[in-house]
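Try each task yourself before reading the solution.

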Amino acid sequence: MSILINKNTKLIVQGITGNEGLFHTAQMLNYGTDVVAGVTPGKGGDWVLDGKVPVFDTVKQGVEVTGANTSVIFVPARFAPDAIFEAADAGISLVFCITEGIPVQDMMRVREYLDQKGVRMVGPNCPGALTPGETKVGIIPGNIAIPGTVGVVSRSGTLTYEVLYALKQHNMGASTCVGIGGDPVNGTNFIDVLGMFEADPRTNSVVLIGEIGGSDEERAAEFIARYMTKRVVSFIAGQTAPAGKRMGHAGAIIEGGSGTAADKIKALTNAGVQVARHPEEIPALIGE
Amino acid sequence: MNLHEYQSKQIFARYGIPVPRGRIAVNSDEAKQIAEELGGRVVVKSQVLVGGRGKAGGIRLAKSADEAQELATRILGMEIKGLPVRRVLVDEAVSIEKEIYLGITNDRASRKPVMIASAEGGVDIEEVAARTPDRIIRLHIDPLLGLREYQARDVAVAIDLPKDYWRQFMTVADGLWRVFVENDATLVEINPLVITKEKRLIALDGKMVIDDNALFRRPDIAEKRDLDVEAPEEISARKYGLSYIKLDGQIGCMVNGAGLAMATMDIIKLYGGQPANFLDIGGGAGSEKVTAAFRIILSDPNVCAVLINIFGGITRGDEVARGILAAIDQVKPKVPMIVRLVGTNAEEGRRLLADANMITAETLADAAEKSVAAAKERCNQ
C-alpha cells in the first residue's frame with residue numbers, strides 16, 4: 001500500500017513537449033511510472049521519447065483514449081491555472097502541479113473550483129510524489145529513496161530530498177513521499193496527508209517537514225494530538241529567517257509576528273512530536 | 001511589492017473610491033504651488049515605504065501655502081527609518097468627523113480573500129485586533145463569486161455605520177474589491193476611511209501590496225517599484241533569477257532550494273556561526289548563475305567563509321563541481337570555500353573541488369562545522 005499514487009496510477013503529462021516536461025517524463029518512465037499520455041496544444045498526433053508516449057491537443061482527448069486518472073503539470077505559471085481547470089473538467093481526479101510562481105488569487109479561484117468538483121490537487125510549486133520502488137509523479141529523484149515504512153510530507157523540495165537521502169543512508173525507506181509545495185494557497189495540506197498516512201497500512205511513522213509562514217504546522221500539531229496513533233517526527237526550516245522577508249517560497253514569510261519557526265516547533269512539541277534540530281537527525285528520531 | 005500611498009490612492013480613484021484632491025511634489029516650490037491651487041490648508045505627507053511616518057514627523061498640517069513650502073523643505077530633507085524622503089504628497093486638508101478602517105487581504109488558512117473592517121480607524125489595526133478583537137469585523141469573500149452587495153451592507157451594519165452612509169460605503173467596498181482583484185493585490189487598505197463634516201466618505205490614506213508572482217500581467221504596476229527599500233544586492237539577484245536576502249552574519253550561503261537554504265542557515269547557527277545571507281540558486285547550477293551568486297555573496301564585506309550546499313539529485317555532481325570551478329575562476333574569492341555536494345557522481349565532484357583547494361564535506365553537519373571553523377580562523381586573523 002501507499003498513498004495517492006501506486007502502480008494503478010495512469011499518468012497524463014501536461015506540458016510534455018517543454019524542456020522540463022520532456023526531461024522529467026523520461027525520468028518517470030525510467031522509474032516505472034505508467035505515463036500513458038502527454039498534452040501540448042497544437043502537437044496532438046505526435047509521439048515523444050522514441051514513440052513511447054502519445055501527445056494530444058487536449059486533456060479530454062488524452063483521457064478518453066488512454067484512461068489516464070492522474071495528471072502532472074509542467075506548464076509555465078501564466079498558463080498553469082488554466083491547465084488545472086482543464087484537467088479537472090476532463091475528469092482527472094488527482095492533479096499534481098509542479099509549476100512555481102502562480103499568482104495567489106488564481107490559486108484561490110482554482111482551489112474553490114476543485115473543492116466544488118471533488119478534485120484533489122497537490123501543489124503548486126511542489127516536487128510531486130514518490131512511492132519508492134513503484135511509481136513517481138513529478139521531479140523527486142528516484143535514486144535517493146528506497147521502499148520502506150516511513151511516510152514523508154513536506155513543504156520544501158530539496159529539503160525533502162535531503163530527508164529521503166538521510167533515511168536511505170540509515171537503510172530506512174519511505175512508503176510514500178509527498179511534496180505539498182511552498183505556496184501560501186495550495187491544494188493539499190499537512191492534515192490531508194497525515195490522515196492518509198494514518199490510514200495506510202504500510203506506513204509506520206511519518207516525517208513532517210515544515211517551514212516558516214502560515215499556520216499549517218500548528219493545525220497539523222492539533223490533528224496529530226487528536227487523531228494520530230503513528231509516530232510523527234518533524235523538522236521546521238527557518239529558525240534564523242528574519243521577519244517580513246519572503247524566503248524564496250511565496251508562502252515562507254513571517255507576517256505580523258506570526259508564522260515563526262519557534263511557534264511551530266512549540267506547537268508540534270506540545271503535541272508530542274519530536275522536532276529534529278537539523279534534517280540529518282531525523283533517522284535517529286524515527287528509530288528511537 | 002509595496003506601493004506608495006499616492007500610487008495606491010491614484011488607483012483607488014480610478015475605481016470610484018473618493019480620495020482627497022492632491023498631487024505629488026518633489027521639491028518645496030512644487031509643494032507651495034499645489035497648496036495654493038488647493039486653497040492653502042493642506043497636509044504634507046512624506047512618501048516612504050515604512051510604517052510610522054506620522055510619529056516620525058513625516059506627516060504635517062499646513063495652514064497656508066507658505067507653511068506648506070516650509071514643511072515640504074523640512075520633510076524632503078528627512079530620512080525615515082533609514083529611507084530618504086524623495087517625494088511628498090500634498091493633499092487638501094479634510095475635516096474629520098469619524099475614522100473607519102477597511103481592508104482586504106488573503107486569508108491563508110481559509111484560502112479566501114477576507115474583508116476586514118473596524119469602526120476604530122486611524123490607528124494601528126493590529127493593536128485594535130489585539131486589544132479589542134470584537135471591534136474587528138472579518139468577512140470572507142468567495143473567490144469565484146466576488147464581493148456581493150449584501151456582504152458590503154453586512155459590513156456597514158456590523159461597524160454601526162449610520163444608514164445614510166451605506167450607499168457610499170458600498171461604493172467604496174465594491175471599488176476596493178475590484179482594486180484587489182484587478183491589480184493582483186495581496187493587501188489593500190484604507191486607514192482611515194473618514195466621514196467628513198460634509199457627510200462624505202473619503203479614503204484619507206491608502207496602502208497596496210502586490211503579488212510579485214502576478215507582476216508579469218501587471219506591467220504598469222511593476223514599473224512603480226521603489227528600489228530604495230531593497231538592498232542593491234537583492235535587486236541584482238533578482239536580475240539573475242536568484243533569491244537573495246542579506247543578513248548580518250559572517251558565513252555566506254549558496255544553496256539550491258528555498259527550504260534547504262533556510263535549513264542551511266539554521267544549522268550554521270546551531271554550530272555556533274551566523275549566516276550572512278539566504279540565497280537560493282534554484283534548479284540547475286550553471287556556471288553563469290553560480291558566478292552571479294558568488295559575486296553577490298562576496299560583495300558583503302562581513303563574509304568570512306562561504307558554504308555551498310548543493311543537493312544534486314538528478315543533476316550530476318561532477319557537472320555542478322565544474323560549474324563552481326568555472327565561477328571561482330572568474331570571481332577569485334579570497335575567503336575559504338566549503339562545499340557539500342550530494343547526488344549522482346558526487347564523489348567525482350568532490351575530488352575535482354578538493355583538487356582546487358576547496359574544503360569538501362559529505363554531510364550537512366560536517367559542512368556547517370567546517371564552515372564555522374574556517375570563518376573563525378579567517379576573521380580572527
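Predicted model: local features only at pLDDT ≥ 70, side-chain atom pairs only at ≥ 80, totals over all residues.

Residues are numbered from 1 along each chain as its sequence is written, with chains lettered from A and ligands numbered from 1 in the order in which they are written.

**Exercise 1.** Work out how α3(A) and α4(A) are oriented to each other, and which residues make their contact.

Step 1: find the helices, which are DSSP runs of H or I with at least four residues, just as strands are runs of E with at least two, numbered from the N terminus. Here they are α3 (residues 80-89) and α4 (residues 104-117) of chain A.

Step 2: get the angle. The axes come within 10 Å and cross at roughly 5 degrees; axes are lines fitted to C-alpha atoms, for helices over the stretch in contact, and angles run from 0 to 180 degrees between N-to-C directions. The two helices are therefore roughly parallel (angles under 35 degrees).

Step 3: list the contact (C-beta atoms, placed from the backbone, within 7 Å). α3(A) brings A:Pro81, A:Ile84, A:Phe85 and A:Ala88, while α4(A) brings A:Asp106, A:Val110, A:Tyr113, A:Leu114 and A:Lys117.

**Exercise 2.** Find the strand order in the seven-strand sheet of chain A and say which strands stand at its edges.

Step 1: trace the pairing (at least two DSSP bridges between two strands). The order is β9-β8-β11-β10-β12-β13-β14, in an open sheet with mixed pairing.

Step 2: look at the ends. β9 (135-138) and β14 (274-275) of chain A each have a single partner strand, so one side of each lacks a neighbour in the sheet.

Step 3: check one pair. β10 (residues 147-154) and β11 (residues 174-179) of chain A run parallel over five bridges, and A:Ser154 sits opposite A:Gly179.

Step 4: see what packs on the sheet. From chain B, helix α9 (residues 258-270) touches β12 and β13 (231-237) of chain A, at about 85 degrees to β13(A).

**Exercise 3.** How many residues of chain B touch chain A, and which element supplies the largest share?

Step 1: count the contacts. 44 residues of chain B meet 46 residues of chain A.

Step 2: assign them to elements. α9(B) gives the largest share of chain B's side, 11 residues.

Methods. Parallel < 35°, antiparallel > 145°, perpendicular 65-115°, else oblique. Contact = placed C-beta atoms within 7 Å.
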